[in-house]
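Please prepare a careful report on the interfaces, the domains and the confidence of the model shown below.

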Amino acid sequence: MAEVAFGKVAITFTVNGVERTVETYPMARLLDVLREELRLTGTKEGCGEGECGACSAFVDGKLVNTCLVPVIQARGATIETIEGLATGDELHAVQQAFIDAGGAQCGICTPGMVLATVALLREHPDPNEAQIREGLAGNLCRCTGYIKIFDSVATAARAIRAREDASGHGGGAA
Amino acid sequence: MGKYVGQSMPRKEGTDKVTGRSLYVDDIVLDGMIHGTTVRSAVPHGRITGIRFDPAIPWDEFVIVTAADVPGENVVTMLIADQPFLAHDVIRHPDEPVVLLAHPDKHLLAAAREHVHIDVDPLPTVFDIESSLQCNTLLFGADNVFKRFDMTKGDVDAAFARDDVVIVEGSYETGAQEQMYIEPMGMIAVAAPGQGVTVWGSLQCPYYVHKALKPLFGLPAEQVRVVQTVTGGGFGGKEEYPSILAGHAALLSWKAGGVPVKIIYDRAEDLACTTKRHPSRTRHRTAVTRDGELVAMDIDFVLDGGAYATLSAVVLSRGTIHACGPYRCPNARVVGRAVATNLPPHGAFRGFGAPQSIFALERHLDHVARAVGLPPEELRRRNLLNRGDTTATSQTIEEAIDLGAMLDDALNIAGWAEKKAAFAVHNADPANTTKKGMGLATFFHGSGFTGSGEVYLASVVGVEAGPGGHVTVLAASTEIGQGTNTIFSQIAADALRIPYELVEVAQPDTARVPDSGPTVASRTCMVVGRLVQDASEALVSTLRDATFLKAGDYTAEQFAGAVDAYLERFGTLRIYSKYKQPPGVVWDDKTYRGAAYAAFGWAAYVAEVEVDTLTYSAKVTDFVAVQDIGTLINPQLAAGQVEGGVAQAIGWAIYEGVDWREGHMANNQMTNYIIPTAADVPPIRVYFHSVPFSYGPSGAKGVGELPMDGPAPAILNAIEDAIGVSIRRAPALPEDIMEAVLAAAGPTTSEVNHG
C-alpha cells in the first residue's frame with residue numbers, strides 16, 4: 001500500500017533503442033513495468049526473488065534480474081530485452097543456436113537463458129565448459145538438464161566467431 | 001522410416017520461444033480484465049467457525065467468492081468426489097483455498113488478502129505415513145487408506161520357506177518433490193450465467209479441466225471451453241491442480257458478471273499449495289539363492305496421498321506394478337497402499353509412483369547382491385527379464401528386449417570396472433577427504449495408461465486438410481516443452497507424404513480438438529502419436545478413394561490439388577482416428593494380473609559420485625543413461641527428455657528436500673528449495689538401443705518418465721559405494737549424509753540377513 005501513498009512518478013529510459021517514459025510507482029519492479037506498462041512480455045517471472053533468471057535483461061550493458069530492480073533505479077538507463085535481440089526477422093546467432101541445438105524446451109527460461117548466453121559470449125567469445133557453467137548458473141532451467149543449452153552456447157560461439165572471421169574483424173560484436 | 005521421422009527436426013514453435021513472442025498465460029491481457037487471488041487456511045486441520053473481513057478494507061470494491069457462491073457442485077472429482085474447490089466446513093490441509101478475491105489493482109488485492117481472517121477450531125493432525133497407518137486419528141474411511149492393491153504371483157510363502165535361500169530385508173523412503181516448472185500456475189477465465197465458461201491457462205490436460213468445470217457450474221459440455229496457452233513446463237504438476245485454479249478464476253468471473261479474471265500464482269503460493277511427488281515408504285523382504293537367483297519378493301509399498309484422494313490411487317497402481325522391476329522372479333507379493341495425511345494433496349509428477357518403488361528396489365538389490373557376495377551388476381544380470389519371461393503381473397514380454405546388452409553398454413561406457421578399482425585405491429587413502437563411488441540401476445517404465453486405462457480413455461485424434469494442402473493436427477495433447485508439436489508434425493508429414501512445413505498442430509482448445517486423453521504417462525508419442533499416424537494415413541486413403549489422388553507417389557502440389565478438389569466438392573476434409581488396443585493386451589483389474597502396459601521402455605543407468613567427507617555434500621560427476629524407447633521420432637528431442645529427466649532425478653536424489661512444518665512447506669522459495677543449476681549437473685551421456693515397438697508410430701514408445709526412475713537409486717548406490725554407509729532415504733542432503741555417517745560410526749543398524 002506504500003506505493004499508493006507515495007504516488008506515481010514519470011521515469012524515462014531507453015528500451016531496445018527507443019526512448020520511453022512511464023508513469024509509475026518509483027518502487028515498482030522493472031520487471032512489471034516492462035511487462036505491464038510496455039507490454040514487453042518476453043521478460044518472464046519465475047520466482048520474484050532473483051533466483052531463476054527468467055526476468056533477465058540488460059541494464060546499461062549489464063545483465064540483471066529485473067524482478068530485483070526498482071524502476072526508479074533505471075531512470076535514464078539503456079535497457080535491452082529479448083524483444084530487441086533479433087534484427088527484424090533475422091535471429092541473433094544465439095537465438096538460432098538455441099533452435100538448432102535444442103536449447104529451448106518449454107521456453108519459459110529461454111529469453112533469460114539466451115540473454116545470459118549473449119552476456120557470457122561478450123565476456124568469453126570462446127568459452128570453456130567451466131565458463132559456460134559459471135555464466136549460466138544464475139538461470140534455472142527445469143526441462144533440459146542444461147546439456148543442450150551448453151551445446152547451444154558452443155554452437156552460438158562458433159557461429160559468431162565464424163561470422164567475424166568471414167567479415168574480417170574480431171571483437172565483442174555478439 | 002520416412003523423410004522426417006528419425007530426424008532432429010527443429011522445434012515447431014522454436015522461433016517464438018527464442019524471441020520471447022510466445023504468449024504464456026501471464027502475457028495475455030483481456031479488455032477489462034481484473035486480478036484474482038486466494039485466501040488460504042493457515043492451519044492443517046480444523047472446523048471453520050467463521051470468516052471475518054477486516055473493516056479497514058473497502059470490500060465493496062472487491063469481488064468476493066466463498067463456497068456459498070458456488071452455482072453447482074463444490075467438488076473436483078479425479079477419482080472420488082472429496083476435494084472442494086473452496087473449503088466450507090472442514091479444513092484438511094494447510095494452504096487450502098477458502099475465499100477468493102478479485103480487484104483491478106493487484107497490489108491492493110495482495111494487501112487485502114491479509115485482511116481476511118478464517119476462524120478455525122483445530123482438529124488432530126497426521127503428517128506422515130506411519131502415523132496415518134497407526135490410525136490414532138482417522139482422516140479417511142475406517143483406516144486412512146485411500147486405496148489398496150494386492151498383487152501376487154506364484155507362492156511367496158513357500159518360496160521364503162525354502163532352505164536354500166538367503167532372506168534380505170530393508171526399508172526405504174523417499175521425500176516429496178516439487179515439479180518446479182519455471183512458469184508458475186496461472187489461469188484466465190470469462191464466465192457468466194447464460195454465456196458459459198471459458199478458461200485459458202497453463203495446463204497439461206484440457207479435458208480434465210473441462211470435466212471439472214461442468215459440475216462446478218452445472219453446465220453442459222458445450223458451454224464450457226478450455227484453452228491451453230503456451231505452457232512453461234508441467235512434469236505432471238499441471239495435470240490435476242489446474243482444474244481447481246480454473247474453477248477459482250471462473251467462479252470470480254461468474255460472480256463479477258463475466259468480467260475477465262486472471263489468477264497467477266507467485267512462486268511461494270505455487271510451492272505451498274500445489275501438488276508434489278508422493279512421499280513413500282517401501283519395505284522389502286527378498287528370498288535369493290546363494291548364486292543370486294531372485295526367488296521371491298515380498299513388498300509393502302505405501303504412498304502419502306495427502307489430504308484428498310485426487311489421483312493417488314492411479315499413482316499407487318503404477319508404483320505397485322513397477323515395484324518388482326524388470327526382473328524374472330517367480331514369486332512376488334506387493335501390497336500397495338495410499339494413505340491420508342494433513343499435507344496438501346500429493347499428485348502427478350513424472351514417473352507417477354514408479355520412481356518411488358523403483359528407488360526402493362534398486363537400493364535394495366545392492367544389499368541383496370552383497371548378501372550373496374555378488375557384484376551389483378552381476379546380481380541384476382542374472383535376473384533381468386528376457387523375451388518370453390513374465391513380469392510381476394504375469395505379463396509375458398512379447399516384444400524384443402535388449403536389457404542385458406544395455407547394462408553391458410552402460411558399464412563399459414561409464415568405465416565401471418576400471419573406475420571401481422581406481423576409486424577403491426583412492427578411497428582407501430585417508431588423505432583423500434573426497435570419496436568416490438559408482439552406482440547403477442536397471443529398470444523399466446510402462447508407456448501409456450495402466451491396464452485397461454487406454455481402452456477406457458478411447459482417445460481420438462483428428463487431422464484436417466485445408467486449402468493448399470495445409471494440414472492441421474487436432475489433438476488435446478499439449479506441448480509443455482517435451483516436443484508434442486514437433487513430433488506430431490513429423491509423424492503426420494511422413495504419413496501424409498507432404499513437407500513438414502505444411503503441417504501444423506492446433507492449439508489445444510476443447511471447442512476445436514477432440515479428447516485425445518491427458519498429456520501424461522509417457523503416452524503422447526506412443527499412443528496419441530500413433531493416432532496421428534492412423535488419421536493421416538486415413539486422410540490419404542480418403543483422397544485416393546475419392547479419386548482425387550492417384551495411386552503411388554505424389555508431390556506436395558498434387559496433394560494440395562487433391563485436397564482443393566475434395567474441399568470444392570465436399571466442403572470439409574477432416575478425419576478422426578480412435579484408439580484400438582493392440583491384440584493380446586489384456587488386463588484383469590480384479591486380480592491385478594495381465595498386460596499392465598502395451599510396451600515398456602527399458603534402461604540401464606550408471607552414476608559416478610563424489611562425497612566430500614568434510615562438508616558431507618555429494619556431487620554427481622558423471623552419468624551414463626542407456627535406454628530403449630523404441631524408434632526415435634526425433635533424436636534431439638528424445639535426448640533432451642532423457643537429459644532433463646536425469647537432471648530432475650539428480651535433484652530428487654541429493655538436492656531437493658521439502659521442509660514440512662505442521663504440513664506447510666516452509667521452504668517454499670527457489671532460494672531454499674534447491675534445484676540443480678548449470679553448475680551442478682554432470683555430463684549426462686545418453687545412448688539409445690532402439691528396438692521398434694510394433695504398435696507405436698513408426699515403432700516408437702514413450703520416453704518422458706523413464707529417465708526419472710533410475711538416477712536416484714543409482715546415485716544413492718554410488719554414495720554407499722563411496723563412503724561405505726547405506727543411506728536408505730532420498731533425498732540424501734548433506735545433513736542426511738552426515739547423520740548416516742555419524743550413526744554408522746556409532747552402534748550400527750544394518751540390514752537384517754537371515755541365512
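By class, the side of chain B that touches chain A holds 25 nonpolar, 20 polar and 13 charged residues; Ala, Val, Leu, Ile, Met, Phe, Trp, Tyr, Cys and Pro count as nonpolar, Asp, Glu, Lys and Arg as charged, and the others, Gly among them, as polar.

This is a predicted model, in which local features need pLDDT of at least 70 and side-chain atom pairs count only at pLDDT 80 or more, while totals for chains, interfaces and linings use all residues. Residues are numbered from 1 along each chain as its sequence is written, chains are lettered from A and ligands numbered from 1 in the order in which they are written, and side-chain values use heavy atoms, with hydrogens and water left out.

**The interface of chain B and chain A**

The contact (heavy atoms within 4.5 Å) takes 58 residues from chain B and 45 residues from chain A. Between them the two chains bury about 4,000 Å², of which 57% is on carbon and sulfur atoms; buried area is the accessible area (1.4 Å probe) that two parts lose on being put together, summed over both. Within chain B, the residues that lose the most area to chain A are Val18(B), Ile182(B) and Ala678(B), together 18% of what that side buries. The rule also finds six salt bridges across this interface, each a side-chain nitrogen of Lys or Arg within 4 Å of a carboxyl oxygen of Asp or Glu. A salt bridge joins the side chains of Asp26(B) and Arg35(A), at 3.3 Å from N to O.

**Domains of chain B**

An automatic or database domain assignment divides chain B into domain 1 (32-123 + 185-264), domain 2 (280-450 + 591-743) and domain 3 (459-578). The C-alpha centres of domain 2 and domain 3 of chain B lie 37 Å apart, and 24 residues of domain 2 are in contact with 17 residues of domain 3. The two interfaces are set out together here.

| Interface | Buried area | Share on carbon and sulfur atoms |
|---|---|---|
| Chain B and chain A | about 4,000 Å² | 57% |
| Domain 2 and domain 3 of chain B | about 1,400 Å² | 65% |

Between domain 2 and domain 3 of chain B the rule finds zero salt bridges, and the count of residue pairs in polar contact, both at pLDDT 80 or more, is seven. Strand S18 (434-447) and H17 of chain B each supply at least two residues of the side of domain 2 that touches domain 3, and the largest share, three residues, comes from S18(B).

**Confidence**

The model scores ipTM 0.97 and pTM 0.97. Mean pLDDT, the predictor's confidence in each residue from 0 to 100, is 93 for chain A, where 93% of the residues reach 70 or more. Over residues 1-5 of chain A the pLDDT is below 50. Chain B averages a pLDDT of 97, although pLDDT stays under 50 over residues 749-755 of chain B. Where pLDDT is low, the predicted coordinates should not be read in detail.

Key:
Polar contact = N/O pair within 3.5 Å; in protein donor to acceptor, adjacent residues only side chain to side chain. Helix = DSSP H or I, 4+ residues; strand = E, 2+ residues; numbered from the N terminus.
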